[in-house]
Amino acid sequence: MMVVSRDHPRPAMDLSCFPRRRYTPYATPLEPLPHLSAALAASCPGGRGPELWVKRDDMLGLFPGGNKTRKLEFLVADALAQGADTLVTCGAPQSNHCRITLAAAVREGLKCRFVIEERVPGSFKPDASGNHFLFRLMGVEAITVVPAGTNMREAMQRVADEVTAAGRKPYIIPGGGSNALGGLGYVACAQELQQQFFEQGVRIDRVVVGSGSSGTHGGLLAGFLGNRIHIPIVGIGVSRDPVDQDPLVHQEAQAVADLLGLDMKVPREAVLSFGEYWRPKYSVPNAAMVEAVQMLARTEAILLDPVYTGKVMAGLIGLSRQGYFKRDENVLFLHTGGAPALHVYEAQLLGEAPVAG
């Protein structure tokens, strides 16, 4: 499925001109999921479903792994180049992005502050387990909690102003690390995948990825287009339906392409996402997510998280059962990490507490 045109030169996707901190000195594994594929096939049309693969970005560096690591390699390098001593970022309660940003700050000897948006009222509990425990253990300097709908850019700027007033130099990282610079992390992932497909002799027909703050989806799309990797990317929304999500992904992909200086317009039709699997609300468990987390744990001993990857895998499973993925297609699931949040939802994941739908 990797077709390189002989008629047109490949655009230069040279990342070496951007400062970068390397937190993962190896390619994350690309692995088949034979037991999950077999278990899923039984509930697919005709008793046959796609052949599933996983890209283990849950094994990236910065404990305990996850997609934000790739983005932070470029964002933290930029912060250091600007002489920053404090990282300021934002997220929802149990934010994987906040946790990995804190890990990067600790690794670099920087301070770190969060702005947490309570998208579900009462959901931030400072003494909770999961990522909240890791926030405390790794020594976050300060957490500001704001209600749903707060302008997060302005809220982070207020925190940054406090840091500046204390005689220090802040660096603001957007939610999810999702801007053009952070998106370069998934251009790098696209290049890494291209090499793995070649070395392992693997043909992938579609890639399934979580689509949230848009940096991973948009960066990967820009990387695929720029490197002429002709594999469709299917996004599973974790917080929005396609009418709202797809424009964000398109904007991010174009911003990454522009940052790289590519003479390329990202086709609108290259952006595809499905949205119903995140409901009833962001971070609120549903039955399909519980089934997905249990299936992967019990067939492949791979852990998903309840907020992101569990709902993304629920989308992959649901689409397979609807016949969206053709039987015997090779479908790659991009595992973006998040396992610490499992501990906050133990009762729901073990069937000891009710969930939606």
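Reader: Let's take buried as under 20% relative accessible area, exposed as over 50%, and partly exposed as in between (1.4 Å probe, protein chains only). By that, is glutamine 94 buried or exposed?

Author: Glutamine 94 counts as buried, at 8% relative accessibility. This is a predicted model, where local features need pLDDT of at least 70 and side-chain atom pairs count only at pLDDT 80 or more, while totals for chains, interfaces and linings use all residues. Residues are numbered from 1 along each chain as its sequence is written, and side-chain values use heavy atoms, with hydrogens and water left out.

Reader: Thanks! Where does glutamine 94 lie?

Author: In the loop between strand 3 (86-91) and helix 3 (96-108). Helices (H or I, at least four residues) and strands (E, at least two) are DSSP runs, numbered from the N terminus. Glutamine 94 also has a positive phi of about 65°, although it is not a glycine.

Reader: And what about the phi of leucine 62?

Author: Leucine 62 has a positive phi too, about 70°, and it is not a glycine. Its place is the loop between strand 2 and helix 2, and it is buried, with a relative accessible area of 4%. Most residues other than glycine have a negative phi, and most peptide bonds are trans.

Reader: New topic: in helix 1, which residues are buried?

Author: In helix 1 (residues 34-41), they are Leu36, Ser37, Leu40 and Ala41. Seen down the helix axis, these buried residues fall within an arc of 135° (taken from the directions from the axis to the C-beta atoms), so they line one face of helix 1. On the other side, His35 and Ala38 are exposed.

Reader: What covers the buried residues of helix 1?

Author: The cover includes strand 2 (51-56), helix 9 (287-300) and helix 10 (309-321).

Reader: Last one: what is aspartate 78 in contact with, leaving aside neighbours within four places in sequence?

Author: Tyr171 and Leu181, where contact means heavy atoms within 4.5 Å. Aspartate 78 lies in helix 2 and counts as partly exposed, at 22% relative accessibility.
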